[in-house]
Amino acid sequence: MQEEVENKTLTLVINGSKLTGRMLQSAISKYLAHRKEVKHQKRQSRDSPVKHHGRQTVKQLIGQDQGVSNIEINDPSIKDFDRIARKYGVDYAIKRDRSSDPPKFLVFFKSRDADALTSAFNEYAGEKVKKASRPSVLQRLAAFKDMVKDTTEKVRKKVLER
């Protein structure tokens, strides 16, 4: 394996009267552009198109010809669903419906991913319920402020009585 790596070389022929740094730089950049073009042509010549995974546009999802279903989400924190869907490996697209006052989100997904998406939605709903049941940090902070406020008033009264 090591010999193969060591034996790979590149021959670059440059015609010119004087070899300068700029000439060498332009020759190398032209070579790299040529390699990029060759790679691009190979990719285009393949029979199968590029398959996208995870979050994608609706057009890309429909272009995969596997049937598309959708589910509506009213919750504005769609990023939580993003994280969970990536975890389950679901191919999906999110479209925002701006016609309603609180924005609604339509989640499009492949029909074959229905089971994985069901699991993802169950976990998403479980996290939402868990978040709703526990008080926020700001609410807890306000409660602690009230507790501290009550104790300082008692201390002041004791000092004044003495």
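This is a predicted model: local features need pLDDT of at least 70, side-chain atom pairs count only at pLDDT 80 or more; totals for chains, interfaces and linings use all residues.
**Notebook: salt bridges and a helix pair**

I started at Lys-104, which is partly exposed, with a relative accessible area of 29%. The label follows because the partly exposed class sits between under 20% for buried and over 50% for exposed.

Next I looked up the partner of Lys-104. Its side chain meets that of Glu-72 in a salt bridge, 3.6 Å from N to O. Glu-72 sits in strand S1 (residues 68–73) and Lys-104 in strand S3 (residues 104–110), so this pair ties together parts that are 32 residues apart in sequence. Glu-72 is also partly exposed, at a relative accessible area of 44%.

Then I stepped back for the overall layout. I get 6 helices and 3 strands for the protein. Read from the N terminus, the elements go α-α-α-β-α-β-β-α-α. Of the 162 residues, 18% are buried.

How many salt bridges does the structure hold? The tally is 4, and I went on to two that join helices H4 and H5.

The first entry is Arg-83 with Glu-127: their side chains meet in a salt bridge at 3.0 Å, N to O. Arg-83 is in helix H4 and Glu-127 in helix H5, so I logged this pair as a link between distant parts of the chain, 44 residues apart. Arg-83 comes out partly exposed at 40% relative accessibility, and Glu-127 is partly exposed too, with 23%.

Glu-123 is in helix H5 and Lys-87 in helix H4, so the pair ties together parts 36 residues apart in sequence. Lys-87 counts as exposed, at 56% relative accessibility.

H4 (residues 79–88) and H5 (residues 114–133) pack at an angle of about 140 degrees, and their axes are 9 Å apart. That makes H4 oblique to H5, because roughly antiparallel needs an angle over 145 degrees. The crossing of H4 past H5 is right-handed. I also looked up Glu-127 against Phe-81: 46 residues apart in sequence, and 9.8 Å in space, C-alpha to C-alpha.

Last stop was the surface. Leu-10, Leu-12, Ile-14, Leu-19, Leu-24, Ile-28 and Leu-32 form a nonpolar patch with about 620 Å² of accessible area together. I picked out Ile-28, which has its place in helix H2 (residues 21–45). Ile-28 is partly exposed, with a relative accessible area of 40%, so it clears the patch cut-off of over 30%.

Note on methods: Residues are numbered from 1 along each chain as its sequence is written. Side-chain values use heavy atoms; hydrogens and water are left out. Patches are made of residues with over 30% relative accessible area and no salt bridge: like charges are joined within 9 Å, nonpolar side chains (Val, Leu, Ile, Met, Phe, Trp, Tyr) within 5 Å. Accessible areas come from the Shrake-Rupley method with a 1.4 Å probe; for residues, only the protein chains shown count as cover. Helices (H or I, at least four residues) and strands (E, at least two) are DSSP runs, numbered from the N terminus. Buried means under 20% relative accessible area, exposed over 50%, partly exposed in between (1.4 Å probe, protein chains only). Axes are lines fitted to C-alpha atoms, for helices over the stretch in contact, and angles run from 0 to 180 degrees between N-to-C directions. Angles under 35 degrees count as roughly parallel, over 145 as roughly antiparallel, 65 to 115 as roughly perpendicular and the rest as oblique. A crossing is left-handed if the near helix is turned anticlockwise from the far one by less than a right angle, and right-handed if clockwise.
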